[in-house]
Amino acid sequence: MNTWRNASLAVTAAALLALTTACGQDKGTESPNGQNVGNASPAGQAGSGYDTDSGYGYGSDTGYGSDSGAQSAKSKQAGQLAVWDSKKLGKVLTDSEGFTLYRFDKDTASPPKSNCEGDCAKIWPVVPAGNVTAAAGTDDALIGKVTRADGTQQLTIAGWPMYRYAKDAKPGDANGQGVGGTWFASAPDGKKAAVNADGPAGGEQADLAGLSVRKDPELGNIVVDKRGMTVYRFKKDSAWPMKSACTGACLSKWPVVAPLAKNDVSGVTTKGFVTFNRPDGLKQQSIDCWPIYTFSGDTKPGDTNGQGVGGTWYAVSPDAKLVGAPK
């Protein structure tokens, strides 16, 4: 009996050692700070690395400069809708002045319901119902309205509530495309505007693996996701024990990479390739046990706008190291 128990303990210890080796043994200068998730700096504080605009759709930077400006844009009528034929996004629905209209993945179309309220509606001003005419050649039966929580009525297209984006400065801008992985330009039928797939300016790359490697002219070999979007790590995270210091509004700016199968990886290490079950209920992919993210400020494949943000966010090398981080 003692022999069996000793053997069992040896197997358990070996398994624990193997897990430890896989998760965080090779940290180099990137030793985890060990802080609790709840102790992370709030979004928007200096040095937090979160930035002030949540990217999920709201934050302290509304893009208008004042709440009064946001309110003015919020109440602006759409008038005669039009269709913009974008080389990157296909056919895009616009208001009478040519500003792109957007839809939000967290809303619902059946029944119509808006889940963008408060600060969210400052950076994503709702398009009021009324005084709206269908774009030429489109079905006016798709035009509808939904009553919001504050009692106002919002334009819907095929049931989807419509919004503008505060950071679109001129007609033809589509800076809200892909923000937070949940905001997309609306096609004339209320669906997401279809993107082209011919080259880096086109959007999703259908032939890419879930994680693969792209040669960036400035950063060298970096990891990208299936859409060709740059993958990042956060210096305030730790690999062992596995913890994420990016919570709340931070996650809106830095969406997690969803779990992937090992056979959906090309050229990227599968060491420590485990799913992180976050305390907030989200499941996140890790490589070498480091949680990985994308950046809402990257709007197309090839963007690396998250590189060096706050001195804490960096692109990831194929062996899971931080690219370009100071030693």
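A salt bridge is a side-chain nitrogen of Lys or Arg within 4 Å of a carboxyl oxygen of Asp or Glu. The side chains of Lys300 and Asp303 meet in such a bridge, with 3.1 Å from N to O. This is a predicted model, in which local features need pLDDT of at least 70 and side-chain atom pairs count only at pLDDT 80 or more, while totals for chains, interfaces and linings use all residues. Residues are numbered from 1 along each chain as its sequence is written, and side-chain values use heavy atoms, with hydrogens and water left out.

The two partners can also be described by their accessibility. Buried means under 20% relative accessible area, exposed means over 50%, and partly exposed lies in between (1.4 Å probe, protein chains only). Lys300 has a relative accessible area of 29%, so Lys300 is partly exposed. Asp303 counts as buried because its relative accessibility is 10%. Elsewhere, salt bridges that share partners join Arg103, Asp105 and Lys192 into one network.

A search of the whole structure finds 13 salt bridges. One of them links the side chains of Lys192 and Asp105, again at 3.1 Å from N to O. Lys192 lies in the loop between strand 11 (183–185) and strand 12 (211–216), and Asp105 in the loop between strand 4 (102–104) and strand 5, so the pair ties together parts that are 87 residues apart in sequence. Strands (E, at least two residues) and helices (H or I, at least four) are DSSP runs, numbered from the N terminus. Lys192 is partly exposed at 38%, and Asp105 is partly exposed at 30%.

Arg278 and Asp280 form another salt bridge, their closest N and O atoms being 3.1 Å apart. Here Arg278 is buried, with a relative accessible area of 5%, whereas Asp280 is partly exposed at 42%.

Next comes Asp225, which lies in strand 13 (residues 220–225). Is Asp225 buried or exposed? Its relative accessibility is 8%, so Asp225 counts as buried. Its side chain takes part in polar contacts (pairs of N or O atoms within 3.5 Å; within protein, one must be able to donate a hydrogen and the other to accept it, and residues adjacent in sequence count only if both atoms are side-chain atoms). A polar atom of the Asp225 side chain lies 2.9 Å from the backbone nitrogen of Arg227. The side chain of Asp225 also reaches the backbone nitrogen of Met229 at 2.9 Å. Leaving aside neighbours within four places in sequence, Asp225 is in contact (heavy atoms within 4.5 Å) with residues including Leu208, Leu211, Val231 and Thr294.

The backbone has some features to look at in the loops. The peptide bond from Ser110 to Pro111 is cis, with omega near 0°. Pro111 is found in the loop between strand 5 (108–109) and strand 6 (112–113). The bond from Trp240 to Pro241 is also cis, with omega near -5°, and Pro241 sits in the loop between strand 15 (238–239) and strand 16 (242–243).

Which phi value does Ala158 have? Phi of Ala158 is near 55°, a positive value in a residue other than glycine. Ala158 lies in the loop between strand 9 (153–157) and strand 10 (160–161), and is partly exposed at 33% relative accessibility. Cys289, which is not a glycine, has a positive phi of about 70°. Its place is the loop between strand 18 (283–287) and strand 19 (290–291), where Cys289 is buried, with a relative accessible area of 0%.
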